[in-house]
Amino acid sequence: MQEQLQGSTSLTGPDGHWALAHEGATRVPPLQEPSLDPKPILELPLETLAQKLRDEELSLESVLCSYLEEALKVHQEVNCLTDFLGECEEQLQALKKLGKTERGLLYGVPISLKDPYDCKGHDSTCGLAQFLEKPAVKDGVIVKVLKAQGAIPFVKTNIPQTLYSFNCSNPIYGQTLNPLNLKKTPGGSSGGEGALLAKGGSILGMGTDTAGSIRVPASFCGICGLRTTGHRLSYSGVVSPVKGIKSVTTVAGPMARDVESLALCLRALLSEDMHQLDPTVPFMPFREEVYSSNEPLRIGYCETDGFTQPSPSMARAVRLTSRLLQDAGHQVIPFTIPCVEYAVKHLFIGGVFGDGGASVLEKVEGDIVDPCIKTLISLLHLPDSLKCFLSWILKYIDPRASQSFEEIRGVGTPKKLWEHHSAVQEYQQKFIAKWRSLDLDVLLVPTLDPAFHICSSDVGLDSSSYTNLYNIIDFPVGVVPVTTVTPQDEEELAFYKGYYGDSSDKHFREAVQGSVGLPVAVQCVALPWEEELCLRFMKEVETLVKNHRGSE
């Protein structure tokens, strides 16, 4: 299979990008029986597929080839792949030698990986020329654990250059499109994963999240995604263009088409192997009793964060979900985000660009700068004196832009960096104290959607308030699609002004226009280390929404 697939693939697409191009995507891969119809395999939910593979009701070859063929078809449409992991055939042959008692939870399951995940012999580029032709010398920890559980990594997926964008484009692999609307972006930075999963080219994927990089593609593409607590999963062997940031937590997490798939993936990842391979990750097996509980929940409800006015569909999605939860017997309590402007402006932007953007600029030096990050790079390139002047002159004209210019100057001194770290810890405790004063189990909030138009590069830092907040306080958060944009939502959007009426509000309204029929999700939040409760809440939302659609 490997030789024949390599013969039909190249790293140069028709537009000249170093993209995975495939000729004759409808050709049956050699390991697949010519008479086999892949459709029944592709329609199976992950839990059922994994069980059938363990019980030998399906062959490993038929499943891998079905997904490989489908992934290549999806790639032809939306340009979502960056690499084919040819060693998957060798791994498949090794799995066939295992006895039934040796088969892991993900035995034979094909899995896609976001570009930064290290796989031995393959580049992890982050869309940067500097990282090209520097193949990983070994698999990252998560990849090793997935393989130990029987999963078969088979492709890597596209990202925005530097990973600092809610678009999904870079000069190496080009632009990934949203399969639900080709004029829209699938989101970033795990956009390739979102597009591939949404179109059925993968059944399970792994993403990363710094400001919503799992959750935004999940919401834009109508799938589920989970941002885990920092250090619940290992980040060893996941490449980052900027290292050393401590006050904003980047994490790994699963993406899939339903919540049960996320839960199965987390069960597999939270094995003893994770702690053995990376002792900095505590050994905390999946708590089944929390996930399977059916006790009523006390749910905090937040229709807006008070910083970015939600789009009409965002607000409606939270209202709908809140009503369904109340009707199901759960308690829903109003909740307001404390000091949100301070959190997303000072703590988040000040944390990510604590060095004044020097690390990001170093990575793109001499490189082609992709349009999706061109505005950001241009701002970071400004002399400090000009940033200071612009911050001063915009203070009363555009306060949010003024504060952004101040924060991207960097913290300045080690003492101020430590003060910033301390401020993040204090804010996290303040958030937890408010949570506990209401005796909440979980929190329901909007996520960022619907999908933006491609290259809406001026949208991001401010509108990401709905997602980046939880990277500051490091809470587990999951995304569940609950509805779609209606014509009425679109009509109401015409009157959208935002809370500030500034350029950010204007750009956000323009970016989400023309989205009728696109998915709208909500975020389900839990306290740190409570991934199982987060997933249980997500499952409840998913079930109630599914039943509501059925009744309609």
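**Talking through a predicted model**

Colleague: What makes the radius of gyration of this protein chain agree with a compact globule?

Modeller: This is a predicted model, by the way. With 552 residues, a compact globule would have a radius of gyration near 24 Å, and the protein chain has 22 Å, so the two agree. Along its principal axes, the C-alpha trace spans about 70 × 60 × 50 Å. Also, 61% of the 552 residues count as buried.

Colleague: And what is the chain built from?

Modeller: There are 22 helices and 15 strands in the protein chain. Take contacts between residues at least 6 apart in sequence: 80% of them join residues at least 24 apart.

Colleague: Which residues of H18 are buried, and what do they pack against?

Modeller: The buried ones are His-420, Ala-423, Val-424, Tyr-427, Gln-428, Phe-431, Ile-432 and Trp-435. They pack against helix H13 (340-352), strand S13 (442-446), helix H19 (465-472) and strand S15 (519-525). Just after H18, Asp-439 takes a positive phi of about 55 degrees.

Colleague: Why is Glu-56 called exposed?

Modeller: Exposed means over 50% relative accessible area. Glu-56 has 52% relative accessibility, so it counts as exposed. You'll find Glu-56 in the loop between helix H3 (46-54) and helix H4 (60-78). Its phi is near 65 degrees, a positive value in a residue other than glycine.

Colleague: Then why is Cys-339 called partly exposed?

Modeller: Partly exposed sits in between: buried is under 20%, exposed is over 50%. At 37% relative accessibility, Cys-339 therefore counts as partly exposed. Cys-339 lies in the loop between strand S12 (331-334) and H13, and its phi is near 45 degrees, again positive in a residue other than glycine.

Colleague: Where are the cis peptide bonds you'd show me?

Modeller: One joins Gly-188 and Ser-189, with omega about 10 degrees. Ser-189 lies in the loop between strand S7 (174-175) and helix H7 (191-198). Another joins Asp-449 and Pro-450, where omega is about 0 degrees. Look for Pro-450 in the loop between S13 and H19.

Conventions: Residues numbered from 1 in each chain as written. Predicted model: local features only at pLDDT ≥ 70, side-chain atom pairs only at ≥ 80, totals over all residues. Heavy atoms only, no water. Buried < 20%, exposed > 50% of the residue type's maximum accessible area, 1.4 Å probe, protein only. Helix = DSSP H or I, 4+ residues; strand = E, 2+ residues; numbered from the N terminus. Contact = heavy atoms within 4.5 Å. Rg over C-alpha atoms; globule rule 2.2 N^0.38 Å.
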